[in-house]
Amino acid sequence: MSNSWSGLNAKQKSGITAAFEALTALDTLSQAISSEPPAPRIAFRDLLAWTKGPAVNLPIAYKQALLANPILRRDFDRLLAKTAEWRCERAAAASSGLLDTREGSGFRVRLKPSRAAQGQVYLLIEFTGDVPAAPPRSLAVTCADGDCVRLELPEFRDGSAQLLSDENAEVVRLLRDPKTEIFLW
């Protein structure tokens, strides 16, 4: 067997040429496919950083990762449960319709329409027992389909805090949903 191009017969040269063209085409296709940015990998440490960072909504890539990876979702749920000092679990199965009041362990969240501005809602967070020395600074609302909203809370006065929000805001929609959970930390 020859080790040089000139030592090959016509049939061998044709086969090698066809193989080279096929590999070149495959390489071109592979580059075109891989030129799309890869989906970001979300790790537990990213979720931990989100809970400790500024109060921003969960990025879409994180939501997608939580929906695609049940183990990561379980870990995220545990992380929220351990991070939060106060929690309001899903409403009872008998709950029907949208809720305007949610009761958690030691606190209550109420949605109250603004009388001053049409389409605005007050989000009221009230402690029902002892007022903590260090009140929460963040509120997160989560649901099983991956939605998660996090807000920075204003300063508490006399055991309560309030925010003004648009009636159609995602946080209002999630708070009214009996299938969501609320976390304060």
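1. Threonine 51 touches Leu79, Leu80, Thr83, Arg150 and Trp185, leaving aside residues up to four places away in sequence; contact here means heavy atoms within 4.5 Å. Threonine 51 belongs to helix H2 and, at 4% relative accessibility, counts as buried. Buried means under 20% relative accessible area, exposed over 50%, and partly exposed in between (1.4 Å probe, protein chains only).

2. The model is predicted: local features need pLDDT of at least 70 and side-chain atom pairs count only at pLDDT 80 or more, while totals for chains, interfaces and linings use all residues. Residues are numbered from 1 along each chain as its sequence is written, and side-chain values use heavy atoms, with hydrogens and water left out.

3. Phenylalanine 44 is also placed in helix H2 (residues 44-52). Helices (H or I, at least four residues) and strands (E, at least two) are DSSP runs, numbered from the N terminus. Phenylalanine 44 is partly exposed, with a relative accessible area of 35%. Leu72, Asp75 and Leu79 are touched by phenylalanine 44, not counting residues up to four places away in sequence.

4. An open sheet is formed by four strands in the order E1-E8-E5-E6, with antiparallel pairing; two strands pair if DSSP finds at least two bridges between them. Its edge strands, E1 (86-88) and E6 (148-152), each pair on one side only. Strand E5 (residues 138-142) is joined to E6 by five bridges, and valine 141 stands opposite valine 149 in E6.

5. Helix H4 (residues 70-83) lies across E1, E5, E6 and strand E8 (181-184), running at about 145° to E5. Axes are lines fitted to C-alpha atoms, for helices over the stretch in contact, and angles run from 0 to 180 degrees between N-to-C directions.

6. The count comes to three aromatic pairs. Rings of Phe, Tyr and Trp (its six-membered ring) pair if their centres lie within 6.5 Å; planes under 30 degrees apart count as stacked, over 60 as edge-to-face and the rest as tilted. Tryptophan 50 and phenylalanine 76 form a tilted pair, 5.9 Å centre to centre with 55° between the planes. This pair links helix H2 and helix H4, its members being 26 residues apart. Both tryptophan 50 and phenylalanine 76 are buried.

7. Arginine 150 lies over the face of tryptophan 50, at 5.3 Å from the ring centre. The criterion is NZ of Lys or CZ of Arg within 6 Å of the ring centre and within 35 degrees of the ring normal.
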